[in-house]
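Trainee: Could we go through this structure together? I would like to begin with helix packing and then turn to the ligand.

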Amino acid sequence: MNLALYREFRPKSFDDVVGQDYIIQTLKNQIKTNRLTHAYLFCGPRGTGKTSTAKIFARAVNCTHSTDGNPCGLCAECVALNEPNTDIVEIDAASNNRVEEIRDLREKVNFPPLIGKYKVYIIDEVHMLTDSAFNALLKTLEEPPKHVIFILATTEIHKLPATILSRCTRFDFKLLPINTLVEHLKNVFSQKNIQCDEKSLHLIAKAGEGSVRDMLSVADSVASFSNYNITIETAEKVIGLSNKDSIKNILLSISSNDTAGLFVNIKQALGSGKNIQVLCKEMADYIKNLIMIKVGVSDYAVLDILPGEFASLADIANKFDINYLKHAFSKFSGIELDLKYSLNPENLFESACLELVDTNSVASPQPTAVKPQPTVTKPAEKIETPKQNQPAQVETKSSNDAERLWGNVLLKVKENNLFALSNALKNVNKVEEIAHKLFIHTNDQSSFETIDNPDRISVLLKMANLFDDSLIAVEIVYDKDSASTQDIKDNLKEVFKNKIKFKE
Ligand SMILES: Nc1ncnc2c1ncn2[C@@H]1O[C@H](COP(=O)(O)OP(=O)(O)OP(=O)(O)O)[C@@H](O)[C@H]1O
Ligand SMILES: [Mg+2]
Ligand SMILES: [Zn+2]
């Protein structure tokens, strides 16, 4: 059974919103002193309370008996606005992103509200609007009718034009610290009568990675699996986190050059169906903690550990040289994404561990994550051993090489079911490699906008690096005018080898 805790526990008043204290206080003050502005921008990571806060605010500005800025929930306005109504309009820009929809909105804003004083438009995922839709919205934002308030919400603030940003009062929602998440989870579990020990609370909260919604989704799965009586064993099983002991054992076998023990420990860590990517992330987090302890951090919240764990971690930290830990940290965090796209992630993880065994026997390990620089001599072993599936490295790549590489990248994108990216990449019409950078060109604006996203670009670079590790960047170029009729004609002529004629 799925409880959908995150739906059930959507905050109903400002006081239910956890962790965003500064934002909530400011909004309440504006309501109490009636100093509202006509456009707000709520930005920040997923599942941190943007939409919930927008909905509360929309009711609070209309409530006639608000207490401390909160909507009372009882007055005629609150009651009416709790039902489906035309005064609080929620628009999902992801599916209504065209200029026509915004024009339609521009006409409708002129009608006065039916229930309260204000009509509130909540435009969610506003970064998905097209350029022309943004322009249309801008006109409304410049001179909105007095009875209208806009709340724009987005996880991708960098995609909004400066003209929009400058017209909004901006609030940055933050990821929540682990302690706040633990407290919130405790509260939710006690209301639902779900038993959970302290360790598991911490584990579930951590799996949320700062997002309340993600944490509650994980909590849902763990609660159902454990039959509402959560123990650390059931929590670990569902979350797939490797427990700290197996991580410690892997690390200790690496540091003592115990290769046989290393394989056994990895097998054990993965034994109960744990995900290798999660294991790798946990290794990196664990090593990061050791580094922090070594440099003198002792605050539990910063270290992200439970009280009582410090002494044993400090013991382990003492066994290692700080440079070795830094090297190991960069190794494990460096392969996290590769694991996701690797055909054999277990081998990749094991080979990373083995490299660490090797470097452990050398006096001062060199980080391997750095890109080859002209002045740096590569370690001999790297030059002698040609890598599998990888073309020999040359300084200047011919356009054929770049295209072959691109073909491989496209296959990887497809293989990994990255549908949106794969579709957008269909409109790439040229690739070239210059100075270890791969430039991909498109003349299709919407494909350009899809690809031009730091996460997607980083995925493309990781994939391209699987075939050519000398590449240092992937850049998407929008060739606005390159789709001239002449170009298209030339292309067709090229393909049909002059078997085609155009009327001039
Ligand atoms: N700050 C918070 N306090 C309490 N609950 C929260 C908070 N943030 C998120 N939640 C929980 O997560 C659910 C989703 O939150 P909400 O829709 O407000 O997030 P969001 O920031 O708009 O996310 P997205 O960027 O994905 O749209 C809520 O129903 C609630 O259960
Ligand atoms: Mg939202
Ligand atoms: Zn009210």
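Mentor: Helix α5 (residues 99-108) and helix α6 (residues 131-142) have axes that come within 8 Å and cross at roughly 15 degrees. Axes are lines fitted to C-alpha atoms, for helices over the stretch in contact, with angles running from 0 to 180 degrees between N-to-C directions. Helices here are DSSP runs (H or I, at least four residues), numbered from the N terminus. This is a predicted model, in which local features need pLDDT of at least 70, side-chain atom pairs count only at pLDDT 80 or more, and totals for chains, interfaces and linings use all residues. Residues are numbered from 1 along each chain as its sequence is written, while chains are lettered from A and ligands numbered from 1 in the order in which they are written.

Trainee: Are α5 and α6 roughly parallel or roughly antiparallel?

Mentor: Their angle makes them roughly parallel, therefore; that label covers angles under 35 degrees, and roughly antiparallel covers those over 145.

Trainee: Which residues make the contact?

Mentor: From α5 there are Val99, Ile102, Arg103 and Arg106, and from α6 Ser132, Ala133, Ala136, Leu137, Lys139 and Thr140. Contact requires C-beta atoms, placed from the backbone, within 7 Å. By class, the contact has 5 nonpolar, 2 polar and 3 charged residues. Ala, Val, Leu, Ile, Met, Phe, Trp, Tyr, Cys and Pro count as nonpolar, Asp, Glu, Lys and Arg as charged, and the others, Gly among them, as polar.

Trainee: And at what angle do α14 and α17 pack?

Mentor: Helix α14 (residues 276-294) and helix α17 (residues 322-341) pack at about 155 degrees, with their axes 9 Å apart. They are therefore roughly antiparallel to each other. Their contact includes Ile287 and Ile291 in α14, and Phe329 and Phe332 in α17. The residues of this contact divide into 14 nonpolar, 2 polar and 6 charged.

Trainee: Changing topic: how many residues surround ligand 1?

Mentor: There are 21, and the closest are Arg10, Gly49, Thr51, Ser52 and Arg213. A residue is near a molecule if its C-beta atom, placed from the backbone, lies within 6 Å of it.

Trainee: Which helices supply at least two residues of that shell?

Mentor: Those are α1 (5-8), α3 (50-60) and α10 (212-225). The shell also draws at least three residues from each of domain 1 (20-172) and domain 2 (178-239), with bounds from an automatic or database domain assignment.

Trainee: What is the shell's make-up by class?

Mentor: Around ligand 1 there are 8 nonpolar, 8 polar and 5 charged residues.

How values were computed: Angles under 35 degrees count as roughly parallel, over 145 as roughly antiparallel, 65 to 115 as roughly perpendicular and the rest as oblique. Two residues are in contact if their C-beta atoms, placed from the backbone, lie within 7 Å.
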